[in-house]
Amino acid sequence: MAYQAPKGTRDFFPPEMAALRRIESAWRNASINAGFDEIEGPTFEHLDLYTVKSGAGIVSELFSFKRAGGNVDYALRPEFTPTLARMAAAKGRSLSVPTKWFAIPSHFRAERPQRGRLREFKQWNVDLLGIDNPSADAEVIATAIRALTDLGLTHNDVVVRISHREVVVSMLKNAGVSEDKLDIALTLLDKREKMLPEVFSEKLIEHGLDISAFKQFDGNASVVHEDLTALQQELNAWGISDWCTFDLAIVRGLAYYTGIVFEIHEASGAERAIAGGGRYNKLVEMFGGSEVPAAGFGMGDVVLSLVLKDKGL
């Protein structure tokens with residue numbers, strides 16, 4: 001029998017390993033130069049670390065298991081943010097302000113593999129805790145851009161698309177979306193770019209949502225919000241405003257985001273998001289800690305590698 005790597009995983013022969021290490025080096029250098037300290041957590045966690053945040057529905061997306069003869073459910077980590085929140089909660093009042101952490105762990109998702117999305121991947125996580133101000137959001141965005149610049153990408157190659165969850169929720173409510181349908185409306189808006197227009201319309205009808213409520217997200221609507229105004233000033237101060245645009249169609253599907261959210265895309269839109277993140281001021285509290293303002297992002301190596309290869313970098 002000829003054995004192959006499991007579906008959705010990769011073998012790294014020397015050239016591929018060198019390319020991965022180059023990406024990791026750019027991530028690590030950008031983090032350290034911006035004053036972030038490296039952390040790491042276990043490869044698997046208690047299953048309820050993920051279900052408490054995302055509900056029981058997430059179990060189908062995880063590699064979950066019980067130890068032989070045991071009765072405790074575990075899961076290979078699909079993302080790092082819950083681990084980070086658990087670690088921050090464990091520090092309690094000894095958590096310094098600000099706390100600046102980064103990690104470059106392996107992650108696992110039991111989903112159907114497709115271009116830009118595998119079952120095992122590396123992801124760079126950058127989180128800034130303790131500052132409830134758009135200056136922190138701008139700093140984590142600037143750190144991401146520093147790594148992309150190191151890898152040879154420019155603002156002509158990638159764009160940071162920025163939005164605000166509270167603004168989007170307010171727009172949906174004003175357009176007639178009821179409170180009980182907000183979560184599904186946000187989920188569908190988040191997935192809209194990955195659907196054909198007719199499929200998106202069918203999903204809206206299926207859930208009793210009026211398509212007219214979503215027309216307002218077709219263009220870059222002009223919205224005044226103090227966080228976004230302050231963020232624009234910070235982006236100017238960091239010298240990265242050329243990389244950024246405000247796009248209210250970005251909502252990020254994870255419910256724990258509480259304010260500014262963003263995604264980094266290849267400029268032509270040919271690939272999935274290179275990175276995504278935002279503000280999650282309630283997450284540490286959800287895992288037993290104090291309410292700690294926080295902003296961060298995750299950047300996977302799979303889509304980034306595709307973009308770099310396409311650009312000949």
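Is strand E8 mostly covered or mostly uncovered, and how many of its 7 residues are buried? E8 is mostly covered, with 6 of those 7 residues buried. Buried here means under 20% relative accessible area, while exposed means over 50% and partly exposed lies in between (1.4 Å probe, protein chains only).

1. **What you're looking at.** This is a predicted model, in which local features need pLDDT of at least 70 and side-chain atom pairs count only at pLDDT 80 or more, while totals for chains, interfaces and linings use all residues. Residues are numbered from 1 along each chain as its sequence is written, and side-chain values use heavy atoms, with hydrogens and water left out.

2. **E8 and its partners.** Two strands pair if DSSP finds at least two bridges between them. E8 and E10 run antiparallel and are joined by 7 bridges; for instance, histidine 164 stands opposite isoleucine 260 in E10. E8 also runs parallel to strand E9 (residues 244-246), with 3 bridges joining them. There, valine 160 has cysteine 244 in E9 as its bridge partner.

3. **The largest core.** A nonpolar core is a set of buried Ala, Val, Leu, Ile, Met, Phe, Trp, Tyr and Cys residues joined through side-chain atoms within 4.5 Å. The largest one has 42 residues, and the members touching the most others are Trp124, Val160, Ile162, Ile264, Met299 and Leu304. Among the elements that give two or more residues to this core are helix H1 (14-33), strand E7 (120-129), strand E8 (158-164) and helix H10 (301-310). Helix H4 supplies the largest share, 9 residues. As background, nonpolar side chains tend to be buried together in soluble globular proteins.

4. Contact means heavy atoms within 4.5 Å. Leaving aside neighbours within four places in sequence, isoleucine 264 is in contact with residues including Ala144, Leu148, Val160, Ile274 and Met299. There is also a second, separate core of 26 residues, which includes Leu47, Tyr50, Ala85 and Trp101.

5. **Strand E5.** Why is E5 described as largely enclosed by the rest of the structure? Because 5 of the 5 residues of this strand (residues 99-103) are buried. Thr99, Trp101 and Ala103 point one way from E5, while Lys100 and Phe102 point the other way. In a regular strand the side chains alternate between the two faces of the sheet. E5 pairs with strand E1 (residues 37-38) in the parallel sense over 2 bridges, and glutamate 38 has phenylalanine 102 in E5 as its bridge partner. E5 and E7 run antiparallel, joined by 5 bridges; threonine 99 has leucine 129 in E7 as its bridge partner.

6. **Helix H10.** The buried residues in H10 are Asp301, Val302, Val303, Leu304, Val307 and Leu308. What do the buried residues of H10 pack against? They pack against H1, E7, H4, E10 and E12. Just after H10, glycine 312 takes a positive phi of about 70°.

7. A pocket is an open set of points on a 1 Å grid over the protein atoms alone, where a 1.4 Å probe fits and protein lies on both sides within 12 Å along at least five of seven lines; lining residues have an atom within 4 Å of a point. The second largest pocket holds about 390 Å³ of space. Of the 16 residues lining this pocket, Glu16, Ala19, Leu20, Ile23 and Ser305 are the closest to its centre. H10 gives the largest share of the lining, 6 residues.

8. A cis peptide bond joins valine 97 and proline 98, with omega about -5°. Proline 98 is found in the loop between helix H3 (81-91) and E5. Proline 78 sits in the loop between strand E4 (73-76) and H3, and is buried, with a relative accessible area of 5%. Tyrosine 280 lies in the loop between strand E11 (275-279) and helix H9 (283-286); this residue is buried too, with a relative accessible area of 2%. Leaving aside neighbours within four places in sequence, tyrosine 280 is in contact with residues including Thr81, Asp127, Tyr256 and Gly296.

Notes: Helix = DSSP H or I, 4+ residues; strand = E, 2+ residues; numbered from the N terminus. Points joined across faces, edges and corners; volume = space filled by probe spheres on them.
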